[in-house]
Amino acid sequence: MALTSQQTQQLKKIIVHRREELVSELRDDVRKTRAERFGEIAGEVPDTGDESVAALIADLDQAELGRDIDELRGLEAARERIASGGYGVCVDCSRDIGFERLRATPSAIRCIDCQTLHEKTFASPGAPSL
C-alpha cells in the first residue's frame with residue numbers, strides 16, 4: 001500500500017528532525033576531534049599501552065563520524081526520493097516499503113524481505129577480533 005500524504009508528511013518531519021540531530025552531532029564531534037590531539041589522549045610520553053588506547057579512541061571517533069555521515073547521506077537521498085516521488089518504493093522489487101519500516105529507518109531503500117536477502121547475500125563472515 002502506497003504511503004498516504006499524512007504518512008509522507010510524518011516521515012518528512014522524522015527525516016528533518018534526525019538530520020538536524022546528526023548535523024549537530026557531527027559539528028560537536030568535529031570540534032571534539034580538533035580539540036583532542038593524540039598526544040593529549042596518550043600523554044606526553046606514552047607507553048605502548050597508552051598509545052594503543054589513544055589509537056583505539058581515535059579509531060572509534062572516526063568510525064562514529066563515518067556512520068553519522070553515511071546516515072546523513074541516506075537521509076538526504078530520502079529527501080530527494082520524496083521530492084521525485086520515488087520514496088517508499090523498494091529499489092529491488094518495486095513493491096512498497098512498509099510505513100513502520102520507514103518510521104524506524106527513514107532512509108530505507110529496500111522492503112524488509114529484499115533487505116534481508118541483501119544482507120544474507122552480501123554479508124561478510126565475521127573475523128575474530130582477538
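Is Asp113 buried, partly exposed or exposed, and what is its relative accessible area? Asp113 is exposed, with a relative accessible area of 52%, where buried means under 20% relative accessible area, exposed means over 50% and partly exposed lies in between, computed with a 1.4 Å probe on protein chains only.

The model shown is predicted, so local features need pLDDT of at least 70 and side-chain atom pairs count only at pLDDT 80 or more, while totals for chains, interfaces and linings use all residues. Residues are numbered from 1 along each chain as its sequence is written, and side-chain values use heavy atoms, with hydrogens and water left out.

**View 1. The salt bridge between Arg95 and Asp113.** The closest N and O atoms of this pair are 3.7 Å apart, a salt bridge being a side-chain nitrogen of Lys or Arg within 4 Å of a carboxyl oxygen of Asp or Glu. The pair links distant parts of the chain, since Arg95 sits in the loop between H3 and helix H4 (99-104) and Asp113 in helix H5 (residues 112-122), 18 residues apart. Helices are DSSP runs of H or I with at least four residues, numbered from the N terminus. Arg95 is partly exposed, with a relative accessible area of 44%.

**View 2. Glu76 and its salt bridges with Arg19 and Arg79.** The structure holds ten salt bridges, and in one of them the side chains of Arg19 and Glu76 meet at 2.2 Å, N to O. Arg19 lies in helix H1 (residues 5-35) and Glu76 in helix H3, so this pair ties together parts that are 57 residues apart in sequence. Glu76 also forms a salt bridge with Arg79, with 3.5 Å between the closest N and O atoms; these two residues are three apart in helix H3 and therefore separated by about one helical turn. Arg19 is partly exposed at 28% relative accessibility, Glu76 is partly exposed at 25%, and Arg79 is partly exposed at 37%.

**View 3. A network of salt bridges.** Arg18, Glu21, Glu25 and Glu71 are linked in this network.

**View 4. Arg101, a buried residue of helix H4.** Arg101 is buried yet has no salt bridge, and the nearest side chain of opposite charge, that of Glu119, is 6.2 Å away; here Lys and Arg count as positive and Asp and Glu as negative, whereas His and the chain ends are not counted. A polar atom of the Arg101 side chain lies 2.8 Å from the backbone oxygen of Arg110. Leaving aside neighbours within four places in sequence, Arg101 is in contact, meaning heavy atoms within 4.5 Å, with Ala108, Arg110, Cys111, Ile112 and Gln115.

**View 5. The largest nonpolar core, with 18 residues.** A nonpolar core is a set of buried Ala, Val, Leu, Ile, Met, Phe, Trp, Tyr and Cys residues joined through side-chain atoms within 4.5 Å. Ile15, Tyr87 and Leu102 have the most contacts inside this core, to which H1, H3 and H4 each supply at least two residues. Not counting residues up to four places away in sequence, Ile15 touches Leu75, Ala78, Arg79, Ile82, Tyr87 and Pro106.

**View 6. Gly66 in helix H3 (residues 48-84).** Gly66 is partly exposed, with a relative accessible area of 28%. Gly66 and Leu26 are 40 residues apart in sequence, and their C-alpha atoms are 9.7 Å apart in space.

Conventions. A polar contact is a pair of N or O atoms within 3.5 Å; within protein, one must be able to donate a hydrogen and the other to accept it, and residues adjacent in sequence count only if both atoms are side-chain atoms.
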